[in-house]
Amino acid sequence: MTDYFAPVALLPQGWARDVRIATDATGSIASVTPGASADGAERLPGVTIPGLPNLHSHAFQRAMAGHAERRSPPEARTAEGGADSFWTWRQTMYRFVGRFSPEDAEAVAAQLYAECLEWGFTSIAEFHYLHHQPDGTPYADPAEMALRHLAAARRTGIGITLLPSLYRHGGIFGKDPVPGQRRFLNDLDGFWRIVEGVRGAIAGDPQAGLGLAPHSLRAVTPEMLRELSSFAGPIHIHAAEQRREVAECLDATGARPVQWLLDNLPLDARWCLIHCTHMTEQEATSLARSGAVAGLCPSTEASLGDGIFGLPAYRAAGGRLGFGTDSHVGTSPRDEMRQLETSQRLALQERSVATDAEHPWPGRNLVEAALRGGAQASGRPIAGIAPGQRADLVVLDPDHPALFGRQDDELLDAWVFSGQGNPVTQVVAGGRIVVRDGRHIHAPALAAEFRAAMRRLAA
C-alpha cells in the first residue's frame, strides 16, 4: 500500500489542500484526508486531478492515424456518394485491417494505452471487433485478439473494460456483410465464446471489467439486441453517427436510430450510445431521461466529417456524457473536451456553451461530466478521488506555460482551452506510478515494439 500526498487536489466536494490519499493492495483508494501531513507519503509534484475514463476505443486504429487523410480516388468517392466521408474512410480501414496479427494488435494497443496515460486517461473501454484471422477463421482461442488488448492494458497499467463487439451483418437489418468485414463477424454462439473467454481471463482482476458491444443497428438484428439487452453490465452501441445511417434507419424502420433504440430496448444506465451526433431535440431529451450515457468522440467525429453533437438540448435535459478517442487521431482528454466546446461555439456563434449560471467554468463542468459518464459507461469504480474508487491520479504542472498563474477552476479552464504542450507530469493508475516526468515508465520498450509492428503493417 502507498500513501500519496497532493498539495492541491480536486475531490468530489471541490478543491482541497494538503490531501493525503491512502491506497490499498487492490489499487483502490482506502482514505482521503485533506489538511493532512505529508510525512512518509509519496509527494505528487503539482495539482492533482482524477484520472479520466476513455469510454470508446478501437485500439487497432491508432496504427491508421494519419494514414487515411489523402483524398480518395474518383471511383471510391463516386461509390460512396461523391465526397470523402466516413464511408470512404471505412473502405481504407477495411483494406488496412486485414494485415494485423495478434502480436501487432498487442503492440499497437500498448503504445496507444501508454499515450493515453501520458495525457491523463487512466482507464479505457475497448470496443473490440477485430476478432478473427484475415480470412475470417477464428483463432484457436476465439478470444485471442481481445486478450491481446487485456495484455496491453496490464503491461501499461491502464484500467480496462473490455467490450467484445457483436458484428454479424452489413446493413440495417440483416444485409449481407462485405468482404472487408470478415474479421469482425460472429453469430451469437461464437460471440458468447469470446465473452466467456474474456470473463475467465479477468476473473479476480480489480483493474479490468467486462461489457458487451452490439456494434450498431447496421451490424446486428433486433433479435440479437434483445438477447444482449439482458446483460447485467455495460452495453455500448454506435448510434446516429452519420446522416446516411439515419436515412437508412428511417427507410428500414420508420424511425431514427436513437428513437428506434428507445422504443425497442430497455435503455437505462447500463447503456452507452456512442456518438449520437444526429439526434432531434426530442431524441436528446428522451435519451437523457433514460439514464444512458452519450459517448462522445469529438476529435474522431471532426476527423470523419460526421457532424457536431447537439450539446445544449442534451445538457438542458440533464443528459449524461463521457469522452472517448475512438479512431485515436487524438489521445488526450483535454483535446476531446476542447473539441466539444469549441465545435459548439462555431456552430452556435456563442461562447461558454457547457456552462450555466450556477456552473460558470466549462473546464470543470466537462471534467466532472467525463468522470461521471465515463465511470458509468465503464462499469467500474473510477469516478474520482474518493474512498472505494480506483486510485487514478493525474498531476498537472502549475508552472507549465499554459497553466502558470492559474489555480483551481481557472487552472482547469487553462488546461482544457490553452496551449498545445502537455502539462501532465505524473500519473498514478490503480495505485501505481505509471508516468513520471511526462513519460510512461516503459515508453522506450513499448515504442520499439510499436515501430516493429508498424514496419510489418507497412510491408
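Is Asp 408 buried or partly exposed? Select Asp 408 and take a look: with a relative accessible area of 21%, Asp 408 is partly exposed. Here, buried means under 20% relative accessible area, exposed means over 50%, and partly exposed lies in between (1.4 Å probe, protein chains only).

You are viewing a predicted model, where local features need pLDDT of at least 70, side-chain atom pairs count only at pLDDT 80 or more, and totals for chains, interfaces and linings use all residues. Residues are numbered from 1 along each chain as its sequence is written, and side-chain values use heavy atoms, with hydrogens and water left out.

Arg 17 sits in strand E2 (residues 14–23) and Asp 408 in helix H14 (residues 408–417), so the pair ties together parts 391 residues apart in sequence. Helices (H or I, at least four residues) and strands (E, at least two) are DSSP runs, numbered from the N terminus.

Next, select Glu 196 and Arg 199, another salt bridge, with closest N and O atoms 3.2 Å apart. Both lie in helix H5 (residues 188–202), three residues apart, about one turn of the helix.

Move on to Arg 218 and Glu 245, whose closest N and O atoms are 3.8 Å apart in their salt bridge. Arg 218 is buried at 6%, and Glu 245 is buried at 3%.

Last stop: select Glu 103, Glu 106, Glu 144, Arg 148, Arg 155 and Glu 449, which are linked in a network of salt bridges.

Technical notes
Salt bridge = Lys/Arg side-chain N within 4 Å of Asp/Glu carboxyl O.
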